[in-house]
Amino acid sequence: MTTRDPAMTLPPAPPPSSATATMRANRATNTGPEVALRRELHARGCRYRLGVRLVLPARAVRPDVTFRKQRVAVFVDGCFWHSCPTHGRKPSDPTGYWAAKLGRNRDRDDAVNRALDEAGWSVIRIWEHEPVAEAADRVIAALQTSASGGHQRVATLETRESRR
Ligand SMILES: [Zn+2]
């Protein structure tokens with residue numbers, strides 16, 4: 001053992017070959033589960049925006065599906081990338097590269113959730129393994145909650161923003 005951490009001086013390890021295909025598939029913006037959810041929401045009469053970049057006080061975020069008026073942000077999370085408790089298996093990882101990367105993903109998810117919550121948004125995170133009908137139910141429940149009680153917080157936030 002030396003006093004220097006080899007991870008600090010070496011380039012990142014390449015992904016284990018067994019995991020590469022999954023990761024490449026999950027990196028795409030329009031993943032199968034996300035498209036299925038959008039289709040289901042549209043069929044139920046929900047009108048949303050895609051690829052919206054929200055600049056919040058804490059940070060900018062880009063939800064997969066955005067309901068701006070109701071302030072509901074939806075993310076469809078890949079089981080591998082976001083460490084699903086059921087399918088988030090760890091690739092064989094002697095260098096610690098993937099453990100660190102997945103840890104950073106979790107930290108970013110937490111920060112995004114916090115930033116949205118602080119700005120008066122509801123955050124819905126859907127696992128890619130979730131049945132699409134159940135996922136849509138959760139989104140619609142959030143929209144209804146927002147419609148019945150979220151207005152006061154929204155008004156407060158907008159007043160604050162307009163003073164900047
Ligand atoms: Zn899963």
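Is Val-123 buried, partly exposed or exposed, going by its C-beta neighbours inside 10 Å? Hold that thought for a moment, everyone.

First, some housekeeping. What you see is a predicted model, where local features need pLDDT of at least 70, side-chain atom pairs count only at pLDDT 80 or more, and totals for chains, interfaces and linings use all residues. Residues are numbered from 1 along each chain as its sequence is written.

Now the sheet. It is open, has 4 strands in the order E1-E4-E5-E6, and its pairing is mixed. Strands E1 (49–50) and E6 (122–127) are at the edges with a single partner strand each, so one side of each has no neighbour in the sheet. Two strands pair if DSSP finds at least two bridges between them. Further in, E4 (residues 65–67) and E5 (residues 72–77) pair in the antiparallel sense over 3 bridges, with Val-65 opposite Val-74 in E5.

Back to Val-123, which belongs to strand E6. Val-123 counts as partly exposed because it has 19 C-beta neighbours inside 10 Å; buried takes 20 or more, exposed 12 or fewer, and partly exposed lies in between, with C-beta atoms placed from the backbone. Val-72 is 51 residues away in sequence, yet the C-alpha atoms of Val-72 and Val-123 are 6.0 Å apart. Beyond four places in sequence, Val-123 contacts Ala-73, Asn-113, Leu-116 and Asp-117, a contact being backbone-placed C-beta atoms within 7 Å.

Finally, just after H4, Gly-120 has a positive phi of about 85°.

Terms used:
Helix = DSSP H or I, 4+ residues; strand = E, 2+ residues; numbered from the N terminus. Contact = placed C-beta atoms within 7 Å.
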